[in-house]
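Please keep the sequence and the structure in view while reading.

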Amino acid sequence: MSDACWTKRTYLTLTNDLGPGLQLSLHCKSGNIDLGQQYLAPGGSWSFDFCSSYWGITLYFCNMVWNGGNKWFDIYTGARDSFICGQCGWSIRPTGPCRNHHGKVDCFPWNNSTSVHKWLK
């Protein structure tokens, strides 16, 4: 996405760290912005960028599927990430995504499967 931002541009990179031989299929979305289906080989990465909301309400969520897993996670929330992620890397692991920001790694649990966003169905 290359449009000009009135606010801070945010850059996210997601890396498949599920383990040897496990391909990751992911599909990320924010409101009416659908980033499409992506396929990552083991160790492979995919990046996207966006203009975060001035009010800190930006939300991007992703459905992640691999052999043995079908999970989803809010990969960017303004409340959690706006002051941390100008540029963040996410390591996608079977136990949950881990955010790397300037060498500091924070791991998070997967979102609760009973509250899956409607678009994932």
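This is a predicted model: local features need pLDDT of at least 70, side-chain atom pairs count only at pLDDT 80 or more; totals for chains, interfaces and linings use all residues.

Does aspartate 106 count as buried, partly exposed or exposed, and what is its relative accessibility? Aspartate 106 has a relative accessibility of 22%, so it counts as partly exposed, given that buried means under 20% and exposed over 50%.

**Salt bridges**

- The count of salt bridges in the model comes to five.
- Aspartate 106 meets arginine 99 in a salt bridge, with 3.2 Å from N to O.
- Aspartate 106 also forms a salt bridge with lysine 104, where the closest N and O atoms are 2.8 Å apart.
- Another salt bridge joins the side chains of arginine 80 and aspartate 81, at 2.8 Å from N to O.
- Aspartate 81 has a relative accessible area of 0% and is therefore buried, while arginine 80, at 23% relative accessibility, counts as partly exposed.
- Salt bridges link Arg80, Asp81, Arg99, Lys104 and Asp106 in a network.

**The open sheet**

- Strands of a sheet pair through backbone hydrogen bonds, and this pairing is either parallel or antiparallel.
- In this model, four strands form an open sheet with antiparallel pairing, in the order S3-S2-S5-S6.
- The edges of the sheet are strand S3 (33-40) and strand S6 (69-77); each has a single partner strand, so one side of each is left without a neighbour in the sheet.
- From one strand to the next, the twist averages 15°.
- Strand S2 (residues 24-30) pairs with S3 in the antiparallel sense, over six bridges.
- Within this pairing, histidine 27 stands opposite glutamine 37 in S3.

**Cysteine 51**

- Cysteine 51 lies in strand S4, which covers residues 45-51.
- The relative accessibility of cysteine 51 is 29%, and cysteine 51 therefore counts as partly exposed.
- Along the chain, cysteine 51 and tyrosine 11 are 40 residues apart, and their C-alpha atoms are separated by 9.0 Å.

Conventions. Residues are numbered from 1 along each chain as its sequence is written. Side-chain values use heavy atoms; hydrogens and water are left out. Helices (H or I, at least four residues) and strands (E, at least two) are DSSP runs, numbered from the N terminus. Buried means under 20% relative accessible area, exposed over 50%, partly exposed in between (1.4 Å probe, protein chains only). A salt bridge is a side-chain nitrogen of Lys or Arg within 4 Å of a carboxyl oxygen of Asp or Glu. Two strands pair if DSSP finds at least two bridges between them. Axes are lines fitted to C-alpha atoms, for helices over the stretch in contact, and angles run from 0 to 180 degrees between N-to-C directions.
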